[in-house]
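The sequence and the structure come next.

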Amino acid sequence: MKRAIPVLVLTVAGLIPVWRYAPSTDTSSTTEVAEPASTPSTSSSGGTSNQVVAGSTIKTEKGPVQVEVTFDGDKISSVRMLQQPNHPQTKAAVPKLIAETLEAQSSDIDAVSGATITSEGYVESLQAAIDAKPAPSSSSSSSSSSSPSPSASAAASQVVAGSAVDTEKGTVQVEVTFEGDKIDAVRMLQQPNHPQTKAAVPKLIAETLEAQSSDIDAVSGATITSEGYVESLQAAIDAKG
């Protein structure tokens, strides 16, 4: 009996290290991955790739200004405001700034009179978005061998020219780009060479993009051009397949 006790003690002592160093069965761990502050998103539809990029937030005396730009390839297809001062001058200026951007396809645009501070913030945020636009991926070039069907491309984007309308001031004709049923862009194919017309066109285009129809007001001082614009615009809308 006296020999059995030491053997038992040694056996228990031998099991203690095994028990102390048994591997833990709790394998749970948490790894937090920080998301990038601002990552341009890319959407592909009907064979076209649209990139949506937010510009930087510009703090101005009137309030923060931030734009979001949608690129269709290298083309600026639309601009919308994420942040803007709540002032009548700003609300009146924004459509003009957007129309000028779509026409210039860059941030090289004029400030709107009466809204210089907002205009400067807009241009700075716009340029930041343009600079942040990622270059086309190499995968797009490798997949170019399998081009999308014409019907798919036509469904995604359709360009329609309106009729040429002869007015007392000259010929007016517009070209409308549709994304599905949406009026995505308007540009002038023909227009009178008058200061009133040049000043009126950006306003007419901005109103069209907002109204998404030809139901817009004539621009004061350019009534004849406005009427020709609306007639050509409606013809383009009617001709859309």
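The model is predicted. The fold contains seven helices and nine strands. The protein has 241 residues, and 32% of them count as buried. Its accessible surface is about 14,800 Å², with 52% of that area belonging to carbon and sulfur atoms. Of the contacts between residues at least 6 apart in sequence, 44% join residues at least 24 apart.

Helix α2 takes part in two helix contacts described here, one with α3 and one with α6. Their geometry is set out in the table.

| Helix pair | Residue ranges | Angle | Axis separation |
|---|---|---|---|
| α2 and α3 | 88-104 and 116-132 | about 40 degrees | 10 Å |
| α2 and α6 | 88-104 and 195-211 | about 100 degrees | 8 Å |

With an angle of about 40 degrees, α2 and α3 are oblique to each other. Their crossing is right-handed. On the α2 side the contact is made by Thr-90, Leu-97, Ile-98 and Thr-101, and on the α3 side by Thr-118, Ser-119, Tyr-122 and Leu-126. Sorted by class, this contact of α2 with α3 has four nonpolar and four polar residues, and no charged ones.

How are α2 and α6 oriented to each other? Angles of 65 to 115 degrees count as roughly perpendicular, and the pair packs at about 100 degrees, so α2 and α6 are roughly perpendicular to each other. From α2, the residues Pro-95, Lys-96, Ala-99 and Leu-102 meet Pro-202, Lys-203, Ala-206 and Leu-209 of α6. The contact of α2 with α6 comprises six nonpolar residues, two charged residues and no polar ones.

Leu-209 of α6, which takes part in the contact with α2, also touches Ala-185. Ala-185 lies in strand β9, which spans residues 182-190. Is Ala-185 buried or exposed? Buried means under 20% relative accessible area, and Ala-185 has a relative accessibility of 11%, so Ala-185 counts as buried. Leaving aside residues up to four places away in sequence, Ala-185 touches Lys-75, Glu-175, Val-176, Thr-177 and Leu-209. Ala-185 and Glu-103 are separated by 82 residues in sequence, while their C-alpha atoms are 9.1 Å apart in space.

Technical notes: Residues numbered from 1 in each chain as written. Predicted model: local features only at pLDDT ≥ 70, side-chain atom pairs only at ≥ 80, totals over all residues. Heavy atoms only, no water. Helix = DSSP H or I, 4+ residues; strand = E, 2+ residues; numbered from the N terminus. Buried < 20%, exposed > 50% of the residue type's maximum accessible area, 1.4 Å probe, protein only. Contact = heavy atoms within 4.5 Å. Areas by Shrake-Rupley, 256 points an atom, 1.4 Å probe, with all protein chains shown as cover. Axes fitted to C-alpha atoms, helices over the stretch in contact; angles between N-to-C directions. Parallel < 35°, antiparallel > 145°, perpendicular 65-115°, else oblique. Left-handed = near helix turned anticlockwise from the far one by under 90°. Nonpolar A, V, L, I, M, F, W, Y, C, P; charged D, E, K, R; others polar.
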